[in-house]
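Me: Hi! Could you walk me through this one? I'm new to it.

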Amino acid sequence: MKFENLLVETQNYITQITINRPKKLNALNRETLHEIHQAFTALKTDQNTKVIILTGSGEKAFVAGADISEFADYSVEEGKNLAAKGQEEVFDFIANYNKPVIAAVNGFALGGGLELAMAAHFRTASENAKLGLPETSLGVIPGYGGTQRLPQLIGKGRAMEMIMTAKMINANQALTYGLVNHVTTPEELLSFTQKIAEKIMNNSMVAISTAIEAINANYQDGVNGFNKEIDAFGKSFGTEDFKEGTSAFLEKRKAAFPNK
Ligand code: COA
């Protein structure tokens, strides 16, 4: 896949998507958001992609936010459309993706950049990462799901403080908050994250996809997550992966899942 602002590389069933506008600290302009949507759409059915790692190009930034130069003169209606389209095509799209998506936060993750990392299923970070939602310093609020996902991940009080102060937190504070799961050196971030992806791929990708849906049901209006779990649990019994997984356990061998 060839893109203007993304690098997409697949190796051993792990696809790395790198946001590649290092001179602009990988800020998300319209074109980049469109390309992210295109890449994720294409990879949904790609047999060679089981796990996606999302990261930023260069040593400084994961993504320093939405591209401020593009929306500085937007009207109320244009602002609303920007958030709606972005949430549908990129942020919700990733959050509900059928394959695991891990954000490897390698530097600044600000505004839309932190929202992108939060849309991923979980996050790793390098020691130099700085995370924040600085939108109120620009006279606006987070519009790509930040007001919803940040409190879900770190609790309401901490999210209120981060959004009200517009201050960045460092990687270790993000670890304490549970905003990222692991902190590594910058050099080790990608290999460490790949190792987690490899552990994931030892398991049934069919079951993992179903687990993502069930977990996400906890955060959907009008959906009873426990009922969703019961249905999804039942359906798992009809999959080839379930037959293989349980047979392998009983036969004391490693499972070889067919629907990888
Ligand atoms: N949108 C557009 N351009 C951005 C950007 C953004 N969100 N973040 C960084 N850039 C651009 C800068 O304008 C600069 O471009 P230039 O070289 O053409 O002038 C380039 O990226 C490098 O950024 P710079 O500010 O020079 O780097 P720095 O190390 O001094 O500061 C930050 C780094 C992240 C603190 C600073 O860039 C920043 O505050 N960015 C905006 C963060 C933000 O508010 N994001 C939320 C948007 S809703």
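Me: How many bridges join strand 8 to strand 9?

Reply: Two bridges join strand 8, residues 130-132, to strand 9, and these strands run antiparallel. Strands here are DSSP runs (E, at least two residues), numbered from the N terminus. This is a predicted model, where local features need pLDDT of at least 70, side-chain atom pairs count only at pLDDT 80 or more, and totals for chains, interfaces and linings use all residues. Residues are numbered from 1 along each chain as its sequence is written, and side-chain values use heavy atoms, with hydrogens and water left out.

Me: Which residue stands opposite leucine 131?

Reply: That's isoleucine 169, in strand 9.

Me: And what is the strand order in the sheet?

Reply: The order is 4-6-8-9, in an open sheet of four strands with mixed pairing; two strands pair if DSSP finds at least two bridges between them.

Me: Why is one side of strand 4 and of strand 9 left without a neighbour?

Reply: Strand 4 (61-63) and strand 9 (169-170) are at the edges and have a single partner strand each, so one side of each has no neighbour in the sheet.

Me: New topic: how many residues surround the ligand?

Reply: 15 residues, and the closest are Lys24, Lys60, Ala64, Ala66 and Ile68.

Me: Which atom of isoleucine 68 lies 3.0 Å from a ligand nitrogen?

Reply: A backbone N or O atom. For lysine 60, a side-chain N or O atom is 2.6 Å from an oxygen atom of the ligand.

Terms used. Near = heavy atom within 4 Å. Polar contact = N/O pair within 3.5 Å; in protein donor to acceptor, adjacent residues only side chain to side chain.
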